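Let's take a walk through this structure together. Keep the sequence and the 3D view open as you read.

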Amino acid sequence: MAALTKSGSVIPKYLPVYFVLLAIAGLEVFLAYQNFATGSLLAILLGLAVCGGALAVMYFMHLARERRTLFLTLIPALIFVLLMLNMIWTDSFRLLHLRPFAH
Amino acid sequence: MWLFIISDAVTFGALLFGYGYLRTASPDWPTPFKFNPSILNVMIMTFVLVTSSLTMLGAVDAAKAGDKPKAGRFMWSTILLGVIFAGLHIREWFGLIDEGVRLFQNPWGSPLFGATFFSITGLHLLHVVSGVVAIAVIARGFARGKLTAGHVETTGLYWHFVDVVWMFVVPLVYLLNVSR
């Protein structure tokens, strides 16, 4: 079992991250009602989501305090796979014509 | 747990990539989410889920300190927030179903809207429900001394991951489709 430590101080420590995450969520809602083109809005919202996700992973999930090798093993591999998913996007052009119930 | 989380992140990534492409490429994609009730509901759900991450952090901290009652209180608070989140989510689903949204049919436009919406939010909801069950099992086991703080921490990792996924689901699935 992990070494016993004094508890009770962890929530105030993470409150700034908590409030930033809520602020990002609020900002996303605000931006959703502005007149952006769909592609631009997608890029902006995705960028904010990445920021929020990174904060949660680094601080709530403590990846920032894990061994550096864990970070270097997981995150580049994840980014690589997600970028490779990008490669199938062009293939999904077919869905516009072959999608179920297409008119 | 990290390997599971990364593989699950890729699963959600694939779903969201596919959805993102269909959304931006379909000119008749429905935008049914009115501020009230849908977006308001989603904002409350986000608040509830992010708050549950905070209570889970408290549970892990208390568990590591060997404070079983406090860890239990934090874990049951997390469970309660997870149940509230799931309830709000199911309410959202029933609202859309009442409006005529089905897997391959809706009154507004591209029939793929229902398939993407229900598959992405459904998979996330499945993760939330699984997380609630897992935390309940861990809370019980930890209180009885059968499980350790390590188990609480590992479950906490999973719960935070569910929170992270929601941060991507909200802007892509809901906020890109707000009704103006």
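Helices here are DSSP runs of H or I with at least four residues, numbered from the N terminus. With that in hand, look for A:His62, which sits in the loop between α2 and α3 (68–86) of chain A. Bear in mind that you're looking at a predicted model.

What stands out about the backbone of A:His62? Its phi is positive, about 60 degrees, even though the residue isn't a glycine. Most residues other than glycine have a negative phi. Is A:His62 buried, exposed or partly exposed? It has 15 other C-beta atoms within 10 Å, and since a residue needs 20 or more to count as buried and 12 or fewer to count as exposed, A:His62 comes out as partly exposed.

How far can you trust chain A? Its pLDDT averages 83, and 78% of the residues score at least 70.

Two packed helices are described by the angle between their axes and the distance between the axes. For helix α1 (residues 10–32) and helix α2 (residues 38–60) of chain A, the axes come within 10 Å and cross at roughly 170 degrees. An angle over 145 degrees counts as roughly antiparallel, so that is how α1(A) runs relative to α2(A). If you want to click on the residues involved, α1(A) brings A:Tyr14, A:Val17 and A:Leu21, among others, while the α2(A) side includes A:Leu41, A:Ile44 and A:Phe60. By class, this contact has 17 nonpolar residues, one polar and one charged.

Now over to chain B. It has five helices and zero strands, so reading along the sequence gives you α-α-α-α-α. The C-alpha trace spans about 55 × 30 × 20 Å along its principal axes. Of the 180 residues in chain B, 43% are buried. Take the contacts in chain B with a separation of 6 or more: 76% of them link residues 24 or more positions apart.

One pair of helices to pick out in chain B is α1(B) and α5(B). Their axes come within 11 Å and cross at roughly 5 degrees, and α1(B) and α5(B) are therefore roughly parallel to each other. Residues meeting here include B:Phe12, B:Leu16 and B:Tyr19 from α1(B), and B:Phe161, B:Val165 and B:Phe168 from α5(B). Sorted by class, the contact of α1(B) with α5(B) has 10 nonpolar residues, one polar and one charged.

A cis peptide bond joins B:Asn36 and B:Pro37, with omega at about 15 degrees. Most peptide bonds are trans. You'll find B:Pro37 in helix α2 of chain B.

Finally, bring the two chains together. Their contact takes 45 residues from chain A and 48 residues from chain B. Which helices of chain B supply at least two residues each to the side that touches chain A? They are α1 (2–25), α2 (35–64) and α5 (149–174). Of these, α1(B) gives the most, with 13 residues. The side of chain B that touches chain A has 31 nonpolar, 11 polar and six charged residues.

Methods. Residues numbered from 1 in each chain as written. Chains lettered and ligands numbered in written order. Predicted model: local features only at pLDDT ≥ 70, side-chain atom pairs only at ≥ 80, totals over all residues. Contact = placed C-beta atoms within 7 Å. Nonpolar A, V, L, I, M, F, W, Y, C, P; charged D, E, K, R; others polar. Axes fitted to C-alpha atoms, helices over the stretch in contact; angles between N-to-C directions. Parallel < 35°, antiparallel > 145°, perpendicular 65-115°, else oblique. pLDDT = per-residue confidence, 0-100.
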